[in-house]
Amino acid sequence: MNLGVLALIVINKAGGLIYNRTFGDGLNQLNTNDYLVLAGTFHGVHAITARLNPLKGLMHAQQQQQAALTAGGVPIPSRPDPPSGLEVMETENFRLQCFNTLTGTKFLLFTDTMQTNVDITIRKIYDLYSDYVMKNPFYQLEMPIRCETFDRKLNSYIREINSSR
Amino acid sequence: MSNLQPVKGSSKDQPGLRYPTSGKTIYHRPLNRTKAAELSGASFAYLFSEMVGYASKKIESIQDLEKRLNVQGHPIGLKLLDLLLYREPPRSQTRPLNIITLLHFIKINVWQHLFGRAADGLEKSSDPTKPDEYMIIDNEPLVNRYISVPKDMSQLNCAAYVAGIVEGVCDGSAFPARVTAHSVGKQEEGEMWPGRTVFLVKFAPEVMEREGYLGKG
């Protein structure tokens, strides 16, 4: 039985798969084509879910009006936070957490359903990405990630998490 | 500063630089006034990344790229030698006069100034046919911290830039040398230090000749 963090997928802002890795043995492997399809599909689904909440914009407008009334002046327009879209998906076998960076890169982390503090884990993975991928002069933006140091740091970090429980 | 007597009371009729009574000039002060006097690692990483990118434009071979990085580092070494010697206390304020003092100066002072720690090792080549080769070892060079070299450029080591600095220090103190950086992380010790780098310092024949005479005297 596998516990802890199971897999990581990184999707670029165009919906292309740029990184995938599984942790722990005995997992069924997808072939490369399926990974690409999964990344593309998720990208589409995420774009749809980001527009599924019509209340958010409405509530924001109401709040603004209220604030303007109490202040008695002209309402100052401000842009609402962009909707975040799909963040977590839970099934009986695994939990999928999505972290969308400000530039539109998506990190998908597959864990088992009992895993805690996944948002911290995924933040730390983003840290590693911004250090060992973005500061590497040989990495081309939006292209598949082939960075030895990133692999190594990621592996040791995930191993640490998986062995601590 | 014993060799620079502060001019007292006669600064009006005496031209030239004035020295404060403490003997500490502006060159003794680091540009960065904070206590730790440290720079941002991230800014340096981005800057160095751009430098490598700039150096890898229109190159013919990996040696070409390493040569360019070396050339970028060379003037830094030349200038750093003067600055660091100037900051030394007056009685030890001489430039290194033999190979061992020079390499020791590089291993301790230069490394401390640039990277905040001394280098991890200093060795003489074990090959008796190459007495002119010395090795400075760094287990994790700062410049390589975030760099993964792609498979098709496996001989490249971006610490060639640091090798250029070392070469500048050697040239500046009249010990002309060729300095190259080599990755040795893949060998048996590689598990612990995958980025281990050896800076191979190969002195010019005239340096070895002079060293021979000095040793006899």
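This is a predicted model: local features need pLDDT of at least 70, side-chain atom pairs count only at pLDDT 80 or more; totals for chains, interfaces and linings use all residues.
I number residues from 1 along each chain as its sequence is written, letter chains from A and number ligands from 1 in the order in which they are written. Local features need pLDDT of at least 70, side-chain atom pairs count only at pLDDT 80 or more, totals for chains, interfaces and linings use all residues, and side-chain values use heavy atoms, with hydrogens and water left out.

**Cavity.** I searched the whole structure and found 1 cavity of 30 Å³ or more. A cavity here is a set of points on a 1 Å grid over the protein atoms alone where a 1.4 Å probe fits but cannot get out. The largest cavity holds about 40 Å³, the volume being the space filled by probe spheres set on the points. I listed its lining (residues with an atom within 4 Å of a point). A:K135 is there, along with B:F44, B:A45, B:F48, B:L142, B:V143, B:Y146 and B:I147. By class the lining has 7 nonpolar, no polar and 1 charged. Lys counts as charged, and Ala, Val, Leu, Ile, Phe and Tyr count as nonpolar.

**Interface.** I then looked up the contact (heavy atoms within 4.5 Å). It takes 13 residues from chain A and 15 residues from chain B. The two chains bury about 1200 Å², 62% of it on carbon and sulfur atoms. Buried area is the accessible area (1.4 Å probe) lost on being put together, summed over both parts. On the chain A side, A:K135, A:P137 and A:F138 lose the most area, together 55% of what that side buries. I counted 3 residue pairs in polar contact between the chains, both residues at pLDDT 80 or more. The side of chain A that touches chain B has 6 nonpolar, 3 polar and 4 charged residues.

Notes:
On a 1 Å grid over the protein atoms alone, a cavity is a set of points where a 1.4 Å probe fits but cannot get out, and a pocket is an open set with protein on both sides within 12 Å along at least five of seven lines; lining residues have an atom within 4 Å of a point. A polar contact is a pair of N or O atoms within 3.5 Å; within protein, one must be able to donate a hydrogen and the other to accept it, and residues adjacent in sequence count only if both atoms are side-chain atoms.
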